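Biologist: I would like to learn how to read a model such as this one, feature by feature. Could we take a helix, then a sheet, and then the domains?

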Amino acid sequence: MAIFEKFRGLEEVRAGLMKAGIDPFNITLEHIYSATEADIRGKRTILAGTNNYLGLTFDPECIEASCTAAQEQGTGTTGSRMANGTFAGHAALEKEFAAYYNRRGAIVFSTGYIANLAMLSTLAGPGDVILLDADSHASIYDGCRLGGAEVVRFRHNDPEDLEKRLRRLGDRASNTLIVVEGIYSMLGDIAPLADIAAIKKSYGAWLLVDEAHSLGILGDHGRGLAEEVGVEADVDFVVGTFSKSLGATGGYCVSDHPQLDAIRYAGRPYIFTASPSPSVIASTRKALEILQARPELRVQLWKNARSLYESLTDMGFTLGPQVSPVVAVRLEDKKQAFGAWMQLLEQGVYVNLVLPPAAPDGSALLRCSMSAAHTPEQIDRIVEAFSTLPNTAATSRTA
Amino acid sequence: MPEYNEILTEIYKVLTPFAKEDQPLGEESELVTDLGLDSMQVMRLLLEIEDHFDISIPINVLPDIRTVKDFAQQLEKILN
């Protein structure tokens with residue numbers, strides 16, 4: 001039993017949650033009706049925690065492209081690109097990503113997690129330094145751990161602290177890769193990227209921005225925060241995912257540095273993973289087209305996000321610091337958060353329950369992610385569900 | 001450059017508000033097991049120490065820090 005000993009604490013927490021008859025971290029969607037509705041525990045439920053920002057998972061063109069690719073190319077690639085070869089769709093999607101970002105090159109990965117794992121573990125090695133925002137996603141931390149670089153955190157969204165740490169590095173600053181996200185996934189707060197890019201330039205460092213939650217959301221063309229604040233030229237590497245705005249599964253990195261291609265030969269998470277399936281590549285290519293051709297989706301998404309953020313603010317909930325498609329309700333207490341989460345689910349609204357340490361600052365979160373596909377009626381129902389939370393939830397309200 | 005004992009004194013100073021009230025602090029105190037620090041408290045502790053000594057502590061060293069003594073020794077390496 002010794003190897004299982006480390007799980008004891010985890011099992012106790014899970015057993016506590018299961019007393020309520022449901023594991024909030026292992027929900028089953030029994031029947032999926034659309035980008036915003038599914039059956040959970042036999043009840044038709046509004047999905048308000050699935051990162052389906054543009055609602056493209058049920059787009060008819062994406063579905064058709066996906067079905068056609070499966071029929072013509074089969075269900076899977078059955079291996080890595082190094083061993084089994086590159087399908088034409090992989091190469092085409094890479095060209096399309098590069099063209100979309102006006103970059104020299106792009107690499108497609110099997111998931112967003114793997115994209116960060118590959119880029120961070122390979123770009124920065126022994127003798128190099130990674131300076132990462134303390135609230136970075138687990139895939140960034142794991143990528144750092146897999147590589148051999150020295151890893152230093154700076155305070156979340158704090159350019160002054162970043163600058164201080166670069167100063168401490170002295171000559172090593174030029175061997176330093178700064179890593180930040182566009183929109184942070186838990187609280188939906190946005191990086192002060194213009195300041196960070198200016199600091200990066202002044203110290204001659206390198207900059208990687210994970211735009212997983214900002215692709216299709218920020219910028220005139222939806223390219224993310226770097227486009228929004230006009231610093232694309234200062235960002236050396238943009239990493240992103242297919243699994244949010246693009247409605248599929250996969251990841252990518254774009255860059256102007258010709259050495260990006262070296263990742264294909266040196267990045268273990270790229271080399272030793274099966275490449276994305278033809279159906280995934282096909283739907284992603286179509287979704288990338290739609291993302292560019294239909295900016296009204298982005299407009300609708302922001303309208304929906306503002307609507308929910310303002311309604312919950314008016315009700316007195318403490319939310320993340322700024323409006324974004326991630327609307328996070330902060331609660332002090334884990335039990336209280338679980339009770340509120342259950343209550344929402346019973347009322348047919350699914351959001352994400354986030355407990356420390358996943359939630360920053362030790363708070364618990366009811367994390368909503370809005371979609372362009374949410375209707376005004378669905379948003380009303382989400383707001384109504386929040387309004388009926390019992391007094392335990394109301395105690396966390398600011399007013 | 002600060003001596004080991006000076007580093008230790010500073011760690012005790014920063015650690016005291018984090019640690020359980022009834023738990024005596026010593027070089028062999030384990031940060032997690034004895035003092036009951038969770039991962040977020042450990043991170044906050046690092047930030048305070050970093051500010052005090054104007055250094056950055058790479059998170060790569062964390063797996064090697066179990067006790068107050070381990071922490072002091074790592075700081076000594078970084079500072080000297």
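This is a predicted model: local features need pLDDT of at least 70, side-chain atom pairs count only at pLDDT 80 or more; totals for chains, interfaces and linings use all residues.

Biologist: Which residues of H4(A) are buried, and which exposed residues does the face turned away from them carry?

Modeller: The general idea is that an α-helix has 3.6 residues a turn, so residues three or four places apart point the same way. In this helix the buried residues are Gly89(A), Leu93(A), Phe97(A) and Tyr101(A). Viewed down the axis of H4(A), these buried residues fall within an arc of 95°, so they line one face of the helix. The face turned away from that buried side carries Ala88(A), Lys95(A) and Ala99(A), which are exposed.

Biologist: Against what do the buried residues of H4(A) pack?

Modeller: Their partners in chain A are helix H2 (60–73), strand E4 (105–109), strand E9 (237–241), strand E10 (251–255) and helix H12 (278–293).

Biologist: Turning to the sheet, what is the order of the strands in the open sheet of 4 strands?

Modeller: Strands of a sheet pair through backbone hydrogen bonds, either parallel or antiparallel. Here the order is E1-E2-E3-E12 in chain A, and the pairing is mixed. Strand E1 (31–32) and strand E12 (349–350) of chain A stand at the edges with a single partner strand each, so one side of each has no neighbour in the sheet. Strand E3 (residues 43–47) of chain A runs parallel to E12(A) and is joined to it by 2 bridges, and Ile46(A) stands opposite Val349(A) in E12(A).

Biologist: Into which domains is chain A divided?

Modeller: Chain A is divided into domain 1, which takes in 8–47 and 295–394, and domain 2, which covers 60–293. The centres of domain 1 and domain 2 of chain A, taken over C-alpha atoms, are 27 Å apart. To their contact domain 1 of chain A contributes 16 residues and domain 2 of chain A contributes 13 residues. On the side of domain 1 of chain A that touches domain 2 of chain A, helix H13 (296–314), strand E11 (326–331) and strand E14 (364–369) each supply at least two residues, and E11(A) gives the most, with 3 residues. By class, that side of domain 1 of chain A has 11 nonpolar, 3 polar and 2 charged residues.

Conventions
Residues are numbered from 1 along each chain as its sequence is written. Chains are lettered from A and ligands numbered from 1 in the order in which they are written. Domain bounds come from an automatic or database domain assignment. Two residues are in contact if their C-beta atoms, placed from the backbone, lie within 7 Å. Ala, Val, Leu, Ile, Met, Phe, Trp, Tyr, Cys and Pro count as nonpolar, Asp, Glu, Lys and Arg as charged, and the others, Gly among them, as polar. A residue is buried if 20 or more other C-beta atoms lie within 10 Å of its own, exposed if 12 or fewer, and partly exposed in between; C-beta atoms are placed from the backbone. The arc is that of the directions from the helix axis to the C-beta atoms. Two strands pair if DSSP finds at least two bridges between them.
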